[in-house]
Amino acid sequence: MARKSRWQGGESVAQRAQAVTFNDALFNMIVGMVLLIALFMLMLNPKGAQSTNVAAPPGNIIIEAYWNQIDSRTKKPVDTDVDLWVKCVNDQPVGYSNKGTALCNYLRDDLGNRSPDDPVNYELTTSRGIAHGQYCVNVHLYSNRSNVYPITVKVTVKIAKSAPGASGGDKVASTPVLVSDVVLKRTGQELNVFCFTINEGGALVASQTFTSQGICLRSPANAATGKCDEGTAPFSQQQP
Ligand SMILES: [Ca+2]
Ligand SMILES: [Ca+2]
């Protein structure tokens, strides 16, 4: 005699229907919980807002200097203190002894290779807004404990404008609009990298970019040579 299947009787069909209904309800509940958890995570960590904040540049006109030459004796970045000096429109120049004006801030003064956790040589000055007018950028070789010469410094200028429809300080970083390598050959030397002009639309006026070694931002020009490279105290320390 064949054994009767548990699901072949009327009562067994009812039990099966009840089990299917229970399974469907359980499945729907699990799916609902997963969707709720996913929605909650998105509310806690909105991807768009996070990426905007991480990418937000520190200012509008961004002037950076790098000098990462490797000292052949220590195999580390050269222990050299270069200073970035920037004059923004009609403000006093900003640099290590005058870190902020109405338009610009000197945000990073790199002292050289000061610790094992200091692998880069990098300085940063940024503007607050994009005022139209002339900006001049100089570099000064303050000290060179590595005694490695010459020191090549790469200077870049970027312009970061507000993103369309963005609120607050959200900005979009630009690619560099100016890049120049300058070669410092002795301690105390100050060189003009370039001067550039920003128009009323916040754009670089390419035809008005120039370099002049008569433009001194840290130290007054040497009376004998006319160059701004030796010996005298910074402008900002001479002022009352
Ligand atoms: Ca420095
Ligand atoms: Ca450094």
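Me: Two residues are in contact if their C-beta atoms, placed from the backbone, lie within 7 Å. Which residues does Tyr 135 touch, not counting residues up to four places away in sequence?

Reply: This is a predicted model, in which local features need pLDDT of at least 70, side-chain atom pairs count only at pLDDT 80 or more, and totals for chains, interfaces and linings use all residues. Residues are numbered from 1 along each chain as its sequence is written, while chains are lettered from A and ligands numbered from 1 in the order in which they are written. With residues up to four places away in sequence left out, Tyr 135 touches Ile 61, Val 86, Lys 87, Cys 88, Val 89, Cys 195, Phe 196 and Ile 198.

Me: How many helices and strands does the protein have?

Reply: Helices (H or I, at least four residues) and strands (E, at least two) are DSSP runs, numbered from the N terminus. Along the sequence the pattern is α-α-β-β-β-β-β-β-β-β-β-β-α. The total is three helices and 10 strands.

Me: In the open sheet of five strands, what is the order?

Reply: Two strands pair if DSSP finds at least two bridges between them. The pairing in this sheet is antiparallel, and the order is S3-S4-S1-S6-S9.

Me: Which strands stand at the edges, each with a single partner strand?

Reply: The twist of the sheet averages 20 degrees from one strand to the next. An edge strand here has a single partner, so one side of it is left without a neighbour in the sheet. The two strands are S3 (104-108) and S9 (178-184).

Me: Which residue in S6 stands opposite Ile 62?

Reply: Strand S1 (residues 61-66) and strand S6 (residues 151-159) form an antiparallel pair with six bridges. Across from Ile 62, the residue in S6 is Lys 158.

Me: Which residues touch the most other members of the largest nonpolar core?

Reply: A nonpolar core is a set of buried Ala, Val, Leu, Ile, Met, Phe, Trp, Tyr and Cys residues joined through C-beta atoms within 7 Å. A residue is buried if 20 or more other C-beta atoms lie within 10 Å of its own, exposed if 12 or fewer, and partly exposed in between. The largest core has 35 residues, and the elements giving two or more residues to this core are S1, S2, S3, S5, S6, S9 and strand S10 (190-198). Those touching the most other members are Val 82, Val 86, Tyr 135, Val 139, Val 153 and Leu 184.

Me: Is Asn 147 exposed or buried?

Reply: Asn 147 lies in the loop between S5 and S6, and has a positive phi of about 55 degrees although it is not a glycine. Most residues other than glycine have a negative phi. Because Asn 147 has 11 C-beta neighbours inside 10 Å, it counts as exposed.

Me: Which peptide bond is cis?

Reply: Most peptide bonds are trans. Pro 150 is placed in the loop between strand S5 (133-144) and S6. The cis bond has omega near -10 degrees and runs from Tyr 149 to Pro 150.

Me: With which residues is Ser 174 in contact, leaving aside its neighbours within four places in sequence?

Reply: Ser 174 belongs to the loop between strand S8 (171-172) and S9. It has 16 other C-beta atoms within 10 Å, and is therefore partly exposed. Once neighbours within four places in sequence are set aside, its contacts are Lys 158, Ile 159 and Ala 160.

Key
Axes are lines fitted to C-alpha atoms, for helices over the stretch in contact, and angles run from 0 to 180 degrees between N-to-C directions.
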